[in-house]
Amino acid sequence: MASKFQSRLVGTIILVAIGVIFLPDLFDGKKQHYQEQFASIPLQPEIGEEGEFEVIPEPEFAEVDLPPEPVTVVIDEPEANNAVSERGTVKVEPAPVTEPKVGNQDSGWVVQLGVFRNFDNANQLVSKLRDAGYQAHVFPKQPQQGDLARVVVGPDVSKSKLSTQLKELEKLTGLKGRLLRFNPLNP
């Protein structure tokens, strides 16, 4: 004979097994299956569809003859234009090819007058410079250096023109500016 404890243990194990197996199905209720609807793409078109396309006609070649001699230009005064030869044809001399300038030879220049922490002071200085006839701007400094505003005059291609304006700007603002190259991508 089995003890009461063993009987209860076996009964408990059977009840737990029945609960684990059948209760999820009982509580799940009516199952709904979702299936995506899609249209399959045929691998090969059906044979009867060939009549829908139009046939492109073959190109037609026209028989064209070029003149045997080059085209000539007749000019009334041959002495006036030295580019005309005795036969009356025009000699065209190719234009000299100029290489694009490489480097920073034609880069712009600016005069940096100062870097301000207070944007109101920078804007007041810019308005003062603009009233005096200068092309002045406020540029924010790079974000890693904090909220700073740069006041610059320019840009201008002529470095000498800006260098002559340095003394006038110092008299007007009391700030000693310095010439810097202008980078339009990162002013």
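1. Surface area. In this predicted model, the protein exposes about 17,000 Å², of which carbon and sulfur atoms supply 56%. Of its 187 residues, 18% count as buried.

2. Nonpolar patch. On that surface, a nonpolar patch is formed by V10, I14, V16, I18, V20, I21 and F22, which together have about 680 Å² of accessible area. One of these residues, F22, is found in helix α1, which covers residues 4-28. With a relative accessible area of 53%, F22 counts as exposed, because the cut-off for that class is over 50%.

3. Order of elements and range of contacts. The secondary structure of the protein comprises 3 helices and 4 strands, and these elements follow one another from the N terminus in the order α-β-α-β-β-α-β. Among the contacts in the protein with a separation of 6 or more, 59% are accounted for by residues 24 or more positions apart.

4. Surroundings of D156. This residue, D156, lies in strand β3, which spans residues 149-156. Once its neighbours within four places in sequence are left aside, D156 is in contact with G108, W109, K161 and L162. For K161, the contact includes a polar one between side chains, that of D156 and that of K161, at 3.5 Å. A polar atom of the D156 side chain also lies 3.5 Å from the backbone nitrogen of S158, so that the side chain of D156 has polar partners in both K161 and S158, given that a polar contact is a pair of N or O atoms within 3.5 Å.

Definitions and conventions. Residues numbered from 1 in each chain as written. Predicted model: local features only at pLDDT ≥ 70, side-chain atom pairs only at ≥ 80, totals over all residues. Heavy atoms only, no water. Helix = DSSP H or I, 4+ residues; strand = E, 2+ residues; numbered from the N terminus. Buried < 20%, exposed > 50% of the residue type's maximum accessible area, 1.4 Å probe, protein only. Contact = heavy atoms within 4.5 Å. Areas by Shrake-Rupley, 256 points an atom, 1.4 Å probe, with all protein chains shown as cover. Patch = residues over 30% accessible without salt bridge, like charges linked within 9 Å, V, L, I, M, F, W, Y side chains within 5 Å. Salt bridge = Lys/Arg side-chain N within 4 Å of Asp/Glu carboxyl O. Polar contact = N/O pair within 3.5 Å; in protein donor to acceptor, adjacent residues only side chain to side chain.
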